[in-house]
Amino acid sequence: MKPATITFSKLVDELQQHYGHPAPLPSTDPLELIIWENIAYLASDERRAAAFATLKSSIGTRPEQILAAKHSALAAIGKAGILPDISAEKLLAIAKIAYEEFDCDLRSVLKKPLPQAKKALKKFPSIGDPGAEKILLLTGSHPLMALDSNGLRVLCRVGFAEEQKNYSATYRLVQDAIRDQLPRDYDSLIRAHQLLRQHGQEFCKRSKPLCAECPVQDSCNYGRRS
Ligand code: SF4
């Protein structure tokens, strides 16, 4: 595989030139970020944000508030996605875990060493290693370069690593490739996370990426072949 012809920081800077500064985060509270991931299955960011705002204003995001809510009220919010009943069950499960296992205080857990903090977060629905790393980054708990599937795809196509059949193997290969180039501060890491995600959603889609109009085509191994 041909190595990337652009550095990680230059790629992120070029994406920011195109997209501008990323939108504010939906929350920096760990429990709210877990709720955000689960509130509406396969919903767009806009529909997810609307569902999250409704939950906050009509029920609340504290575990005891969610546990006291009717399943039907949670499912009505989950209609922003495609499986509202399952989303409601996940919200109840999140609240129960936070209440029973963490005494409603996830912040103290996140200050633990990385393996323990990740293990704690992975107790919640839909949170695997990448999701746990994202929450640790966005809460300012551990300075990791969390990547979602969009960001990972962009970095593979640009040339930082070759995509493997196994998602976890690809994730680790990309992380190994960029480790020495990463910024150290949270703001820069969060900015990179958001911009790579946005680029994967808007241009570097899984099928039929829009390479001809892509702002980083000249620096992309895949794009130069297109
Ligand atoms: S040129 Fe194509 S493959 Fe490369 S980053 Fe842009 S959209 Fe993705």
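Predicted model: local features only at pLDDT ≥ 70, side-chain atom pairs only at ≥ 80, totals over all residues.
Figure 1. R157 lies over the face of Y222, and the distance to the ring centre is 4.9 Å.

**Figure 2. The aromatic pair W36 and F52.** A pair of aromatic rings is described by two quantities, the distance of the centres and the angle of the planes. The model contains 5 aromatic pairs, one of which is formed by W36 and F52. The centres of these two rings are 5.5 Å apart and their planes stand at 80 degrees, so the pair is edge-to-face; the cut-off for this class is an angle over 60 degrees. W36 belongs to helix α2 (residues 30–38), whereas F52 belongs to helix α3 (residues 45–58), so the pair ties together parts that are 16 residues apart in sequence. W36 has a relative accessibility of 13% and therefore counts as buried. F52 is likewise buried, because its relative accessible area is 5%, and the limit for this class is under 20%.

**Figure 3. The aromatic pair F102 and F124.** The rings of F102 and F124 form a stacked pair, with 5.8 Å from centre to centre and 25 degrees between the planes. F102 lies in helix α6 (residues 84–102), and F124 lies in the loop between α8 (114–121) and α9 (129–138). The pair thus links distant parts of the chain, 22 residues apart. Both F102 and F124 are buried.

Figure 4. D103 is not a glycine, yet its phi is positive, at about 50 degrees. This residue is placed in the loop between α6 and α7 (107–110). With a relative accessible area of 65%, D103 is exposed, because the exposed class begins over 50%. S126, also a residue other than glycine, has a positive phi near 65 degrees. The loop between α8 and α9 holds S126. The relative accessible area of S126 is 47%, so this residue is partly exposed.

**Figure 5. R179 and M145.** R179 is found in the loop between α11 (167–178) and α12 (186–202). Its relative accessibility of 46% places R179 in the partly exposed class. R179 and M145 are 34 residues apart along the chain, and their C-alpha atoms are separated by 8.4 Å.

**Figure 6. P143 and I59.** P143 occupies the loop between α9 and α10 (149–158). With a relative accessible area of 46%, P143 is partly exposed. In sequence, P143 and I59 are 84 residues apart; in space, the distance from C-alpha to C-alpha is 32 Å.

Key
Residues numbered from 1 in each chain as written. Heavy atoms only, no water. Phe/Tyr/Trp six-rings, centres within 6.5 Å; stacked < 30°, edge-to-face > 60°. Helix = DSSP H or I, 4+ residues; strand = E, 2+ residues; numbered from the N terminus. Buried < 20%, exposed > 50% of the residue type's maximum accessible area, 1.4 Å probe, protein only. Lys NZ or Arg CZ within 6 Å of the ring centre and 35° of its normal.
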